[in-house]
Amino acid sequence: MNALISTALSGVVLMFVGLFVRNKQHIKFFAIAAIIISFIANLALYPTVLLGSYIQFGMIEVSKFSVLFNAVALGATLIYFLLSGKEFEKVGEHVGDYFALIFFILAGITLASSFSNLLMLFLAIEIMSIPQYVLAGADRKSLKSNEASLKYFLMGAFSTGILLMGITLIYGAAGTFNIAELGLGADPVHPLALCGIILMAFALAFKVSAVPFHFWTPDVYDGSPTVFTSFMATVVKAGGFVAFLRMFHVAFAGGAVSHHWTLILSIITAATLILGNFSAVFQQSVKRMLAYSSIAQAGFMLFAVIAINQFAAQGIILYAAAYSLATIGVFAVLMKLKDYTFEGFNGLARKQPLLALATTIFLFSLAGIPVTAGFFAKYFVLSAAIQHGHLLWLVIVGVLCAAISVYYYFRVIMAMYFKQGDPEVEPISGGFRAALVLTIVLVLVLGLFPGLLIGWL
């Protein structure tokens, strides 16, 4: 609750800061201070939730899981501000508004991690989504940005309708919006409830860009200003997954109903892994490759939704942290280059060794190479699926797709270290270098000592 209030208030404050503060760098410092305050306010609840979770106003459940996930989301956003905050100035004049929209998205994410009512889920999804439509079209001089915003808005509105229809059918079957009291585990499953669950699964699959609801993702991520793509593909996606996991683990777990949606989500997971990885192989733009890579990574995070056990809860927390840090880091490096194609990385190791080293470690993490955070993130979600049972075939698909991902990630590494070139790189400040080193350290520390994060659960 502290995180929800502090992020919402920070958004409002930054709108006024944007009006009265002319120096755009000062606005960035206000945003960094606000995110640190929100992070501390969120962690202040941890001693309370150690005694047990509690529900506020019958709508929001504050628990160790929600506090820890909010800490990951806010911490990843702090890294994002440190690495990419300066890039906001290149998008347009309204820097304060851009930061404010980021905070409003964070308010939605904090609500998504702690809702205990279907209406709160709907509000969380919409608070997360609407500012993204604005950010996608923030570069008004770019036709690609305008197209991305319109496409995202239209597809998002359509998925919202599906989500609302699902909520309506579930309410019709259960007679309550409280997710802990739905009681849908009876056999046979109520037809209305089953239809509602399927519609909600499809709507949430759209929000996390799972196949076959992924078609918007490459165009929106490619067309949006790169600095906002970085946030949408990481922290926002993790927020969508935590809503997905909370809904299906609390409301739809156990009984005959779980067998129905487990099969559907297993098929969606396999399709997401296969299509995301194979599509990424054929891309020529690193930015577009990362868009398809985000679809493939969504497939791995879906393992945590399907498997209802402690490994799944730990896995989604660790995966959110590992994936967000690595992808934010890669995008931060990408924004320093003029050319976003694979050829644009040729010879980067000679010209900027730190950028090349950072990119290599981040890509290692995304591929799940040992010693990086991504390795244990994949280990936990795959272990959750194995412990759940009857999902060995899906785990094999996941391992094979992880091997395929090594190919397109290593294309970038090969270009940086083994090909000749003189890439155009923007001047690198000391602050950016320090933030990049901090991100590298976090990725490696989580890869060596994952218990430092998940131990809080």
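**Rings, charges and pockets**

The charged end of Arg411 sits over the ring of Phe342, at 3.8 Å from the ring centre. The model is a predicted one, and the values below are computed from it. Its aromatic pairs number 27, and its largest pocket has a volume of about 540 Å³.

**Charges over rings**

- Besides the contact between Arg411 and Phe342, the charged end of Arg246 lies over the ring of Phe115, 5.6 Å from the centre of that ring.

**Aromatic pairs**

- Phe376 and Tyr379 form another edge-to-face pair, in which the centres are 6.1 Å apart and the planes stand at 90 degrees.
- Phe376 and Tyr379 both belong to helix H17, which covers residues 373–388, and they are three residues apart, or about one turn of the helix.
- Phe376, at 23% relative accessibility, is partly exposed, and Tyr379, at 42%, is also classed as partly exposed.
- Ring pairs also join Tyr80, Phe81, Phe88, Tyr98, Phe99, Phe103, Phe228 and Phe231 into a cluster.

**The largest pocket**

- The lining of the largest pocket consists of 20 residues, and those nearest its centre are Phe39, Ala71, Val72, Leu442 and Leu453.
- At least two lining residues come from each of helix H2 (24–43), helix H4 (64–84), helix H14 (310–334), helix H19 (430–448) and helix H20 (451–454), while H4 gives the largest share, with eight residues.
- By class, this lining of the largest pocket holds 19 nonpolar residues, one polar residue and no charged residue.

**The second largest pocket**

- The second largest pocket has a volume of about 340 Å³, and it is lined by 17 residues, of which Asp139, Pro225, Thr226, Val227 and Tyr340 are closest to its centre.
- Helix H5 (88–91), helix H8 (143–174), helix H10 (216–223) and helix H11 (226–251) each contribute at least two residues to the lining of the second largest pocket.
- The lining of the second largest pocket divides into five nonpolar, five polar and seven charged residues, whereas the lining of the largest pocket has no charged residues.

Definitions and conventions: Residues numbered from 1 in each chain as written. Predicted model: local features only at pLDDT ≥ 70, side-chain atom pairs only at ≥ 80, totals over all residues. Heavy atoms only, no water. Phe/Tyr/Trp six-rings, centres within 6.5 Å; stacked < 30°, edge-to-face > 60°. Helix = DSSP H or I, 4+ residues; strand = E, 2+ residues; numbered from the N terminus. Buried < 20%, exposed > 50% of the residue type's maximum accessible area, 1.4 Å probe, protein only. Lys NZ or Arg CZ within 6 Å of the ring centre and 35° of its normal. 1 Å grid on protein atoms, 1.4 Å probe; cavity = no way out; pocket = protein on both sides within 12 Å on 5 of 7 lines; lining within 4 Å. Points joined across faces, edges and corners; volume = space filled by probe spheres on them. Nonpolar A, V, L, I, M, F, W, Y, C, P; charged D, E, K, R; others polar.
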